[in-house]
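Hello,

Here is the structure we talked about handing over. Please open it and keep it beside you as you read on.

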Amino acid sequence: MPFGLISAWNKRRRSKSHDHSDPWVYKPAEYWQLEDQTPRPTKRRHGSSVFTFREMEEATRSFSDENFLGKGGFGRVYRGILRSGEASQIVAIKKMELPAFKEAEGEREFRVEVDILSRLDHPNLVSLIGYCADGKDRFLVYEYMKNGNLQDCLNGIGEAKMDWPLRLKVALGAAKGLAYLHSGSDVGIPIVHRDFKSTNILLDTNFEAKISDFGLAKLMPEGQETYVTARVLGTFGYFDPEYTSTGKLTLQSDVYAFGVVLLELLTGRRAVDMSQGPYDQNLVLQVRHILNDRKKLRKVLDPELGRSTYIMESIAMFANLASRCVRTESSERPSVEECVKELQLIIYTSSKGLGGRTRTFRKV
Ligand SMILES: Nc1ncnc2c1ncn2[C@@H]1O[C@H](COP(=O)(O)OP(=O)(O)OP(=O)(O)O)[C@@H](O)[C@H]1O
Ligand SMILES: [Mg+2]
């Protein structure tokens with residue numbers, strides 16, 4: 001149980017803990033393993049299926065290198081094909097591979113991911129197709145996102161470079177996904193993602209942005225705007241300074257991280273660049289002071305941005321929004337709902353300025 005969830009939620013859990021159909025009840029690993037013994041694929045609530053280790057092995061051709069997609073803190077991610085009779089589905093399979101001392105933490109993240117993601121449904125959140133909790137093996141099975149993560153796309157690791165209208169579309173999609181989490185729709189309680197970053201924004205075939213990785217997510221019941229944590233979790237470069245210094249987590253911690261992603265979209269730089277000296281590593285510190293100065297702003301714009309794909313007006317509006325999202329005081333940051341509205345206005349301004357030209361996509 002992730003460090004004592006909020007009392008209202010706890011009350012609800014306790015009063016119904018005997019009821020396995022209650023989507024709020026955390027299910028112990030043993031319970032999942034019981035379900036593992038039923039014929040597969042078994043559709044669970046909200047469409048999550050339960051898989052065996054063998055199915056994971058077959059889907060990825062024994063975790064072959066050709067199916068390897070990437071590696072993160074939880075383990076390796078593989079492309080897989082799930083077959084059921086004639087039908088087949090391409091998926092991404094994340095395999096938990098942690099050293100023994102991190103296994104308990106991994107198990108907790110695994111449960112939070114399954115528990116939260118299987119009850120959420122939004123076009124800008126990655127869908128969890130199912131999971132495998134077979135013995136000690138843990139896998140998460142997601143919809144496959146053909147264009148990988150945003151950071152790789154921005155850094156040209158993907159097939160194509162991103163033009164300005166496409167970056168605006170991605171920013172808006174990510175903001176909408178975050179707004180859905182913060183609004184608490186479907187779950188009834190607002191959710192803080194806590195690990196919002198460019199590698200956790202995945203892009204589908206149409207470059208629609210979908211937020212992934214909910215292992216650190218936290219439920220924030222109404223009336224409780226702050227949650228005090230014993231440990232600061234997340235990713236260096238995206239940490240809300242207020243959360244880092246006080247341990248107080250708020251929905252606005254995600255807004256700070258969202259602001260960092262906006263800066264990545266604007267500059268094409270990484271949130272943290274270890275190749276720089278100790279005082280120039282952090283993107284926010286590098287550019288914060290010039291975001292509202294148009295002349296200086298040009299100097300930090302991503303040189304990969306085709307000049308014909310943007311007008312300075314929309315860049316300035318975007319930089320101004322980013323500068324407010326990364327304010328040190330969380331209360332001075334806009335809500336993510338406000339970010340959605342502003343981005344819609346920026347997109348309108350951009351497309352009007354470009355003479356109604358719709359987004360182009362430049363392949364390299
Ligand atoms: N659903 C998916 N579809 C396609 N590729 C994916 C999917 N999920 C993850 N990936 C790829 O696998 C890589 C590793 O993902 P993972 O979430 O494990 O690590 P990360 O986000 O880079 O780091 P962290 O562990 O800190 O979150 C991603 O960067 C992405 O390129
Ligand atoms: Mg990730």
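Predicted model: local features only at pLDDT ≥ 70, side-chain atom pairs only at ≥ 80, totals over all residues.

**Around ligand 1**

Start with the ligand. Ligand 1 is surrounded by 21 residues, and Gly-70, Gly-72, Gly-73, Val-77 and Ala-92 are the closest of them. Two elements each give two or more residues to this shell: strand 3 (68-71) and strand 5 (87-95). Strand 3 gives the most, with three residues.

What classes of residue make up the shell around ligand 1? Nine are nonpolar, nine are polar and three are charged. Look at both domains here. Domain 1 (30-143) and domain 2 (150-363) each supply at least three residues to the shell around ligand 1.

Next, find helix 8 (residues 251-267) and helix 11 (residues 312-325). Their axes come within 8 Å and cross at roughly 145°. The crossing of helix 8 past helix 11 is left-handed.

Which residues meet there? Helix 8 brings Val-255, Tyr-256, Phe-258, Gly-259, Leu-262, Leu-263 and Leu-266. Helix 11 brings Phe-318, Ala-319, Leu-321, Ala-322 and Cys-325. Of the residues in this contact, 11 are nonpolar, one is polar and none is charged.

The mean pLDDT of the protein is 83. A pLDDT of 70 or more is reached by 80% of its residues.

Best wishes

Terms used: Residues numbered from 1 in each chain as written. Chains lettered and ligands numbered in written order. Near = placed C-beta within 6 Å. Helix = DSSP H or I, 4+ residues; strand = E, 2+ residues; numbered from the N terminus. Nonpolar A, V, L, I, M, F, W, Y, C, P; charged D, E, K, R; others polar. Domains from an automatic or database assignment. Axes fitted to C-alpha atoms, helices over the stretch in contact; angles between N-to-C directions. Left-handed = near helix turned anticlockwise from the far one by under 90°. Contact = placed C-beta atoms within 7 Å. pLDDT = per-residue confidence, 0-100.
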